[in-house]
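Me: I would like a close look at one part of this model, with its surroundings described step by step. Please keep the wording plain.

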Amino acid sequence: MSAFRQMALVTAMGLSTLPERPGRASVIVIGIAGVVGVLVSMLTLGASVSESMRAAGRSDRAIVLRNSAEKEHESAIFTAEAQAIADAPGVARTRDGKPAASAELLATVNLPRKLDDVPSGVMVRGMSGSAATVRGEIRVVGGRMFAPGLRELIVGRVLREQFTGLDVGSRVTLPGGEWTVVGTYETGDMWESMLLTDAKTLMSAYHRNVFSSVTVLLESPAVFDRFKAALTSDPTLSVKVMRESEYYSKGSELSGAVIILSYLIGAIMAAGALFGALNTMYSSVSARSLEIATLRAIGFPGSSVVVSVLVESMLLAMLGGLIGALISWAVLSGGTFSLGSPGGSAVAVELHVAPPLVGIGLAWALVMGLLGGVLPAVRAARLPVATALRAS
Amino acid sequence: MKYLVLVWAGLWRKPARTVLTALSVITAFLLYGALNGTMVSFDRWIGQAMGDTAVLWTTSRVNLSAGLPIGIVPVIERIEGIAAVDITHEFNSYWQEPENGVGVVVIDVERRMRHPSPWSVVSKAALEQMRRLRTGTVVGSAVMKKYGWKIGDRVPLTTGVARKDRSSIWVFDIVGTYDAAAAVSGADQIWINYDYFDEARAFGNGRVTGMVSVIADPSRATSVATQIDRLFANSPNETLTRSLGDMVRAELDQITNIKLIIDIVLSAVLFTLLFVTGNTMMQSVVDRIPEIAVLKTYGFSDAIIAALILSEAVLLCVGSALVGIALAAVVLFPLIGAAFRIGTLPMAPSVVAVGAAIAFGLACLIALPPVWRAQRLNVVDALAGR
C-alpha cells in the first residue's frame, strides 16, 4: 500500500468519526469563525475607505496645490494663479473651447451622523469653471444640479445615507446662513462623501478669497509631464502639481490605522482561538487513542496519523473561516460606513467585502488549523501503542 | 477549606486542558482590557488633563475650520462672570525638513499679558519683548532644545498658511522661551504675534479658530457657556462654547463610532469564548462522572456538587480574566501610551470590576450545563461506568 493511500485511508477514517464528537469539533469551527469574521469585517472597513479614495483618482487629471501644502485643506491658490494654471499647456478643452479646469474650495461643516447623532465634519466643495467637463463622473440622480450664485448644494448618495438632514429640500447651516440641498449625485467613489456647490458662493460664505486647489482634465495622461513642467518652471507660481491618481493613492492615514488595528485585534483573537483549537485537537486525539493505537499496531506509520490529525484540524478551521467570512459578508455588504478624522472631515463609503480580504481571512484560518493540529498530531503519532491498547 | 482542595484538584485533573482554557480566557480579557481599558482610561485622562472648567473654548458651530471674527472678543468680554478672553489660533509648520514639525500658536500679546493661560509658564519680560518686535516669537523649551535654537536666532518656517506676497515661508525672531506646566499645549510649540500674522496672511484675515475665556466662578461654567452661545444664535457666526475636554472628546468622536465597533468585537470575542470554554468545562465534567458519583455516594448533596462545579468555572474564568486585564495594563498600556505620546495610563478600576463581572457571568453560564448533568446523574450507572 502506498504511503499516500495509507494517509488518505487514516484521514478518511478520522473524519468519519467527526459526527460522533460534534461539540468538540464545533469549538474549532466557531472559534475560528469568530476570528475570521472580525478580521475580515475590520479589514473591510479600512480597505473600503482607501479603495474608494483610490477609485476617485484618475491619471488623466492633475491637481495643483500650493507647494507647501500636503492636502487640499491646507492649500491656497490665488485667483491669478488659478487662471495661469487653467491656461497651461496640456489642459483639455470643453466643447465651447474653454480650458477644462475647476478651481475649487474645500471647506468643512459639522453634521450629525445618523448612527449616533454625533456632529462630524463633512466636506463641502465649491467647484467652478468647467467642473462638469473635468468631473464627468458626477451624475445627478435626484433633484437637480445646484445653481451658481444661489445658496444651493447637492449631496453625495453615500453621505446622505450616513448623515441626518441631507434629503433634497433640507437646509444646512453654513457660516452666514442656511443653504438648501437641491439634488443627490453619484460618482461611485469617495466623492460621494461630499456636498458640492459653486466655488464663489462658498468662498463668500467662508470668508475666503483664495481657492484650495485647481483640478484640470489633461488632453491625455501622457501630457502630464509637460503640464507639470510648465507650471513648476513659472517663477510667478509656487505650486505643487500631482496626478490626481497619485494624490488619492496616499489614502487616508486613518484607514491605514484601522487596517493595522484589524490585524492587531485579529492576531490577539487568533491566539485565543488557537488555544481553543489545541484543546479540541488534544481531546480529539485522546478520544481516538484506541483507534490510533490499533492502526499503529497493524502497521500504519506514524506519518499517516500525523496527516490525518492535521487534515482534520485544517478542514474544521477552513469551515470556520468560511462561516466567519460569510457572516461578515452578510452583515456588511451593501452597508455604508463613515470614517472621520479629528479636526478633519469624514469619508463615507459603501462597504464591499472584497475577495482578497476573504482570502486573507481563510489563510489565517488555515494557519490556525495547522498550528492547532501540529502538537496534538505529534502526540498522536508518539502514542505508546501498548499502553493505549491496554488503557481501554 | 476541604471544598477548596476539591475544586483545586478538579481544576488540575488535566493540566494541559486547564492551561489551554485559561490561556484563551486570558487572551480574550487581554483584548477586553486593551480595547475597553484604553477607551475608559483615555477619556479619564482627557478629563484630568483638560478638565479645567474655569476655561471655556468658543468656536464656530459650523466647524472648527470655519473660524470666528476677532471682533466678537469684546462682546464676549462684556459678559458677566468672564474674567479674561484670549484668542486661540494654531497651525502647523516645519523647520527645514517636513519631519521637523513645529506647532505655531497665534497669540494676542496684550491679552496674554493681562491674563496668562493657566497651563503655560512664561515670563512677562519675554512677552514684553514679543510685544516690541512684531516678528518676535516665544519658543517652547522643547523646541529650543530639539533644534538647537538660541534667543536672537531668526528662524524661517514653512507653513500651510499663504502670505499676501504668495510665499508660505514665515520668518520669526526668537525673543524668549517658555515652559509648559501640563501635558496639554506642551512646550513643543512657538507663540507668534497675532497683529503681524493677520496683516501678512493672504486669507482668513480678521478671523481665528476661536476664543478662550477664563471664568471667575468655575461652578457657573455651563451657564456662562450657554450665555455666550445665546448671544450669537442666529447670527452669521453661531458659536459653540464648551470645556477643552469636551471639545477634544467631540473631535475624537468624529473618527467613527469606535465604541460601537469595540463593543461588537468584544461581543464576538466573548461569545466565542463562551463556546470554547463551555465545551471544555462540559468535557471535563463528563470525564469525571464516576468521581462525581463517588462524591454523591459519600453523601455530598446536589447543591454542594453544583457549587463545586460552579467554583471551578468561576476560579478559572475570573482568575484568568484578571490575569488578562493585568497583562493589558502592564504590557499593552505602555505601548499605547507611547503611540499617543501621553505616557502610561493607569487601568481604570471600573474596567477591572466590569471585566470581573463579565467573567463571573460567563462562568455561571458555562457551569450551567455540567451542573444540570451532574444533578441528573444516576449514581449506580455512573459508578458502573455506563
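How far apart do the C-alpha centres of domain 1 of chain A and domain 2 of chain A lie?

Reply: This is a predicted model, and in it the C-alpha centres of domain 1 and domain 2 of chain A lie 47 Å apart. Domain 1 of chain A is made of two stretches, 3-53 and 253-391, while domain 2 of chain A covers 69-237.

The two domains do touch. Twelve residues of domain 1 of chain A are in contact with 14 residues of domain 2 of chain A. On the domain 1 side, at least two residues each come from α2, from β11 (336-339) and from β12 (347-350) of chain A. β12(A) gives the largest share of that side, with four residues. Sorted by class, the domain 1 side has five nonpolar, six polar and one charged residues.

The helices of chain A come next, starting with α2(A). Helix α2 of chain A spans residues 22-56, and its axis comes within 9 Å of the axis of helix α9 of chain A, residues 253-287. The two axes cross at roughly 170°. An angle over 145 degrees counts as roughly antiparallel, and α2(A) and α9(A) are therefore roughly antiparallel to each other. The residues of this contact comprise 18 nonpolar, eleven polar and one charged.

α9(A) also packs against helix α12 of chain A, which runs over residues 355-382. Here the axes are 8 Å apart and the angle is about 35°. The crossing of α9(A) with α12(A) is right-handed. From α9(A), the residues that meet α12(A) include G266(A), A270(A), A273(A) and L274(A). Among the residues of α12(A) that meet α9(A) are W364(A), M368(A), G369(A) and L371(A). In this contact of α9(A) with α12(A) there are 14 nonpolar, four polar and one charged residues.

Another partner of α9(A) is helix α11 of chain A, residues 302-332. The axes of α9(A) and α11(A) come within 11 Å and cross at roughly 135°, which makes α9(A) oblique to α11(A). The crossing of α9(A) with α11(A) is right-handed. On one side of this contact are A277(A), M281(A), S284(A) and V285(A) of α9(A), and on the other are V309(A), E312(A), S313(A) and A317(A) of α11(A). By class, the residues of this contact divide into five nonpolar, two polar and one charged. A277(A), M281(A) and V285(A) are also among the residues of α9(A) that meet α12(A).

One loop residue of chain A has a backbone angle to look at. D117(A) is not a glycine, yet has a positive phi of about 65°. D117(A) lies in the loop between β2 (101-112) and β3 (119-127) of chain A. With 9 other C-beta atoms within 10 Å, D117(A) is exposed, because a count of 12 or fewer is called exposed.

Chain A also meets chain B. In that meeting, 46 residues of chain B are in contact with 55 residues of chain A. The elements of chain B that give two or more residues to its side are α2 (15-49), β7 (154-159), α9 (244-253) and α10 (258-287). α10(B) supplies the largest share of the chain B side, eleven residues. The chain B side divides into 22 nonpolar, 19 polar and five charged residues.

R166(B) sits in the loop between β7 and β8 (169-180) of chain B. Phi of R166(B) is near 75°, although R166(B) is a residue other than glycine. R166(B) is partly exposed, with 16 other C-beta atoms within 10 Å.

A126(B) belongs to helix α5 of chain B, residues 124-132. A126(B) has 20 other C-beta atoms within 10 Å and is buried, because 20 or more is the cut-off for that word. Setting aside neighbours within four places in sequence, A126(B) is in contact with V138(B), V175(B), G176(B) and Y178(B). The C-alpha atoms of A126(B) and D188(B) are separated by 17 Å, and these residues are 62 residues apart along the chain.

Methods
Residues are numbered from 1 along each chain as its sequence is written. Chains are lettered from A and ligands numbered from 1 in the order in which they are written. This is a predicted model: local features need pLDDT of at least 70, side-chain atom pairs count only at pLDDT 80 or more; totals for chains, interfaces and linings use all residues. Axes are lines fitted to C-alpha atoms, for helices over the stretch in contact, and angles run from 0 to 180 degrees between N-to-C directions. Angles under 35 degrees count as roughly parallel, over 145 as roughly antiparallel, 65 to 115 as roughly perpendicular and the rest as oblique. Ala, Val, Leu, Ile, Met, Phe, Trp, Tyr, Cys and Pro count as nonpolar, Asp, Glu, Lys and Arg as charged, and the others, Gly among them, as polar. A crossing is left-handed if the near helix is turned anticlockwise from the far one by less than a right angle, and right-handed if clockwise. Two residues are in contact if their C-beta atoms, placed from the backbone, lie within 7 Å. Domain bounds come from an automatic or database domain assignment.
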